Amino acid sequence: MTEARAEARAERGESRFAEGFALFAECLLTGVWIAVASLPLVTYPAAFAAGARHLGRRIAHERGGWREFTADFRVAVRRGWLVGLAGWAALAAVWVDVQAVRNGLPGGPFVGAVGVSALIGAAVAGLRAAAAWRPGASWRSLLAQAGRRTVLDPAGSFLILGGLAVVVCSAWFSAPLAVAVLGAVAAAAVAVEERYRRR
């Protein structure tokens, strides 16, 4: 694969730096696309799936752009909106849990820590499932497999968690930065899934 990329780069006459910078720019653009597609709030899993497919095509030097992203998004959102709704329900449950902890629930700190940890694990599994999504794939089976990979591949899961932390820090610093960084998180999920597949 590395030799094939080097040959493709040589054919196009572009340096390794130019290829890397072009991929970085594509990640930022994809982050904007993901943010726009996530505006209905329950469509974020489908938006990440379409973004991951787009970045996968870019890495493989295949043709693809906004039209392909939109086509993938339309297919992914058919059942993906249910996953998005479940994610918001999980967030609401953890928020209620944290409020109960703040109000002095006996054993609250432990329960709160378990709830927040479960939410973080679910977010990582959701990103891994979105990175593995292909047209025709079942979100239920993708999430089940991604949950197993999240546990069996802790190094990859921590890499994705680091990407999520960068999004949060970027949003804290400047909200527009967080929008662009969403593409980098999708790229990290694609890379982690590719790494796991090759093990």
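Reader: How many residues line the largest pocket, and which lie nearest its centre?
Author: In this predicted model, 31 residues line the largest pocket. Those nearest its centre are Y44, F48, A123, L127 and L164.

Reader: And what volume does the largest pocket have?
Author: The volume of the largest pocket is about 1,100 Å³.

Reader: What's the lining like by class?
Author: The lining of the largest pocket has 28 nonpolar residues and three polar ones. No charged residues are part of that lining.

Reader: Which helices each supply at least two residues of the lining?
Author: These are α3 (44-59), α4 (66-102), α5 (108-132), α6 (139-152), α7 (154-173) and α8 (175-198).

Reader: Which one gives the largest share?
Author: That is α5, with nine residues of the lining.

Reader: Switching to α6. Which of its residues are buried?
Author: W139, L142, A146, R149 and T150 are buried in α6. They sit on the same side of α6, because they cover an arc of only 105° around the axis.

Reader: Which residues are exposed on the other side of α6?
Author: R140, V151 and L152 are exposed there.

Reader: What covers the buried residues of α6?
Author: The cover includes α3, α4, α5, α7 and α8. Each of those helices also supplies at least two residues of the lining of the largest pocket.

Reader: Last one: what span should α6 have, at 1.5 Å a residue?
Author: With 14 residues, α6 should span 20 Å. The C-alpha atoms at its ends are 20 Å apart, so the two values agree.

How values were computed:
Residues are numbered from 1 along each chain as its sequence is written. This is a predicted model: local features need pLDDT of at least 70, side-chain atom pairs count only at pLDDT 80 or more; totals for chains, interfaces and linings use all residues. Side-chain values use heavy atoms; hydrogens and water are left out. On a 1 Å grid over the protein atoms alone, a cavity is a set of points where a 1.4 Å probe fits but cannot get out, and a pocket is an open set with protein on both sides within 12 Å along at least five of seven lines; lining residues have an atom within 4 Å of a point. Grid points are joined across faces, edges and corners, and a volume is the space filled by probe spheres set on the points. Helices (H or I, at least four residues) and strands (E, at least two) are DSSP runs, numbered from the N terminus. Ala, Val, Leu, Ile, Met, Phe, Trp, Tyr, Cys and Pro count as nonpolar, Asp, Glu, Lys and Arg as charged, and the others, Gly among them, as polar. The expected span of a helix is 1.5 Å times one less than its number of residues. Buried means under 20% relative accessible area, exposed over 50%, partly exposed in between (1.4 Å probe, protein chains only). The arc is that of the directions from the helix axis to the C-beta atoms. Contact means heavy atoms within 4.5 Å.
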